[in-house]
Amino acid sequence: MIFTYKSLATPDVIRNLGLRFRDYRMRMRMTRKEVAEAAAIGMTTLYKFESGKMTDISFRTLMRLLRVIGLGENWNKLLPELPESPYTYDSKGKKLQRVKKRSHEKS
């Protein structure tokens with residue numbers, strides 16, 4: 001099933017992730033008990049996540065689950081590193097230093 005996450009509310013995204021996670025777990029031939037133990041989470045939490053009954057999940061729990069199915073390194077795809085901005089260099093190619101305003105200076 002293909003979803004456009006741009007149009008979904010956060011609880012709907014979490015529900016869809018849970019359903020997709022269940023498919024991964026089943027293809028890996030892992031039981032819920034094995035995944036729950038490996039991720040150090042409760043069976044009820046895993047059941048609710050996979051069945052779409054959970055609308056909120058902590059990032060820590062999600063990362064634990066992703067690591068169990070071998071996708072823990074994919075976090076970098078959420079916010080990939082940006083290329084360096086050309087605005088960080090002056091006209092001579094020298095990297096500009098960021099200057100902080102002192103708290104007593106006024107704009």
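Because the model is predicted, local features need pLDDT of at least 70 and side-chain atom pairs count only at pLDDT 80 or more, while totals for chains, interfaces and linings use all residues. Residues are numbered from 1 along each chain as its sequence is written, and side-chain values use heavy atoms, with hydrogens and water left out.

The chain contains four helices and zero strands, and along the sequence the pattern reads α-α-α-α; helices (H or I, at least four residues) and strands (E, at least two) are DSSP runs, numbered from the N terminus. Of the 107 residues in the chain, 22% are buried, where buried means under 20% relative accessible area, exposed over 50%, and partly exposed in between (1.4 Å probe, protein chains only). The chain exposes about 9,200 Å², of which carbon and sulfur atoms supply 55%, with accessible areas taken from the Shrake-Rupley method with a 1.4 Å probe and, for residues, only the protein chains shown counting as cover.

Helix 2 spans residues 32–39, and its buried residues are V35, A36 and A39. Seen down the axis of helix 2, these buried residues fall within an arc of 100°, so they line one face of the helix; the arc is that of the directions from the helix axis to the C-beta atoms. An α-helix has 3.6 residues a turn, so residues three or four places apart point the same way. The cover over the buried residues of helix 2 includes helix 1 (10–27), helix 3 (43–50) and helix 4 (59–68), contact meaning heavy atoms within 4.5 Å. On the face turned away from the buried side, helix 2 carries the exposed residues K33, E37 and A38. Just after helix 2, A40 takes a positive phi of about 55°.

In helix 1 lies N16, which counts as buried at 10% relative accessibility, and the side chain of N16 reaches the backbone oxygen of D12 at 2.9 Å. In the segment before helix 1, A9 is found; A9 is partly exposed, with a relative accessible area of 41%. The C-alpha atoms of A9 and T55 are separated by 10.0 Å, although these residues are 46 residues apart along the chain.

In the segment after helix 4 lies W75, which is partly exposed, with a relative accessible area of 45%.

Note on methods: Polar contact = N/O pair within 3.5 Å; in protein donor to acceptor, adjacent residues only side chain to side chain.
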